[in-house]
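Work through the following exercises with the sequence and the model side by side. Each task is followed by a solution that goes step by step.

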Amino acid sequence: MMSGWRYFVCPVEFNNDSNRFQVDCEPSELFQLQDYTLPSVLESFNGWTTVCLFPFQIHSIALSSFASIMGPFGGFFASGFKRTFKIKNFANTISGHGGIMDWFDCQYVMAKFVNVYIASFIRQTHSYGLFICFIT
């Protein structure tokens, strides 16, 4: 709902002439409504053939689905990593909590997925240059 206002999708800049903050830009394609054709399976449920959405909403659905299904496996990965090195906790910053790194172990998987997702589906023109720089 907030994608309809430029204040939420454009950068806020300070204008020295008017001594005010201003929001003046053309929203990117992610924040422009587009029509999408629904698969025939969904058409049979509700009778709609198309739906009007922001592309940002589709990306949000993909990211939230991955987070809810695969994100917890980051905890299993971190637990296996600690068992390999016979470590109970990553740190002892707060007694009994396993350290700050133990609180965010599911975020490791999510951070990598978000990085690959943005490079692959959102910033298609710049994604290959980053990988070449890290390989060479």
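**Exercise 1.** Is Phe14 buried, partly exposed or exposed?

*Solution.* The model is predicted, so that local features need pLDDT of at least 70 and side-chain atom pairs count only at pLDDT 80 or more, while totals for chains, interfaces and linings use all residues. Residues are numbered from 1 along each chain as its sequence is written, and side-chain values use heavy atoms, with hydrogens and water left out. The relative accessible area of Phe14 is 41%, and because buried means under 20%, exposed over 50% and partly exposed in between (1.4 Å probe, protein chains only), Phe14 is partly exposed. Phe21, at 62% relative accessibility, counts as exposed.

**Exercise 2.** Determine how many aromatic pairs the structure holds, and describe the pair of Phe14 and Phe21 and that of Phe113 and Tyr117.

*Solution.* A pair of aromatic rings is described by the distance of the centres and the angle of the planes. Rings of Phe, Tyr and Trp (its six-membered ring) pair if their centres lie within 6.5 Å, and planes under 30 degrees apart count as stacked, over 60 as edge-to-face and the rest as tilted. Searching the whole structure gives five aromatic pairs. One of them joins Phe14 and Phe21, with 5.2 Å centre to centre and 70° between the planes, and is edge-to-face. The pair of Phe113 and Tyr117 is tilted, with 5.8 Å centre to centre and 35° between the planes. Both of these residues lie in helix α6, four residues apart, about one turn of the helix; helices here are DSSP runs (H or I, at least four residues), numbered from the N terminus. Phe113 is partly exposed at 23% relative accessible area, whereas Tyr117 is buried at 9%. Ring pairs also link Phe66, Phe113, Tyr117 and Phe121 into a cluster.

**Exercise 3.** Which residues does His59 contact, leaving aside its neighbours within four places in sequence?

*Solution.* Begin with the setting: His59 is found in helix α3 (residues 55-69), and its relative accessible area of 15% makes His59 buried. Contact, which means heavy atoms within 4.5 Å, is made with Leu30, Tyr117, Phe121 and Ile122. As for Tyr117, its C-alpha atom is separated from that of His59 by 9.0 Å, although the two residues are 58 residues apart along the chain.

**Exercise 4.** Describe how helix α4 and helix α6 meet.

*Solution.* The axes, which are lines fitted to C-alpha atoms over the stretch in contact, with angles running from 0 to 180 degrees between N-to-C directions, come within 6 Å for α4 (residues 73-84) and α6 (residues 105-122), and they cross at roughly 115°. On the α4 side the contact involves Gly74, Gly75 and Ala78, and on the α6 side Asp105, Cys106 and Val109. These residues divide into three nonpolar, two polar and one charged, where Ala, Val, Leu, Ile, Met, Phe, Trp, Tyr, Cys and Pro count as nonpolar, Asp, Glu, Lys and Arg as charged, and the others, Gly among them, as polar. Ala78 is buried, with a relative accessible area of 3%, and its C-alpha atom is separated by 8.8 Å from that of Tyr108, 30 residues apart along the chain.

Terms used. Helices (H or I, at least four residues) and strands (E, at least two) are DSSP runs, numbered from the N terminus.
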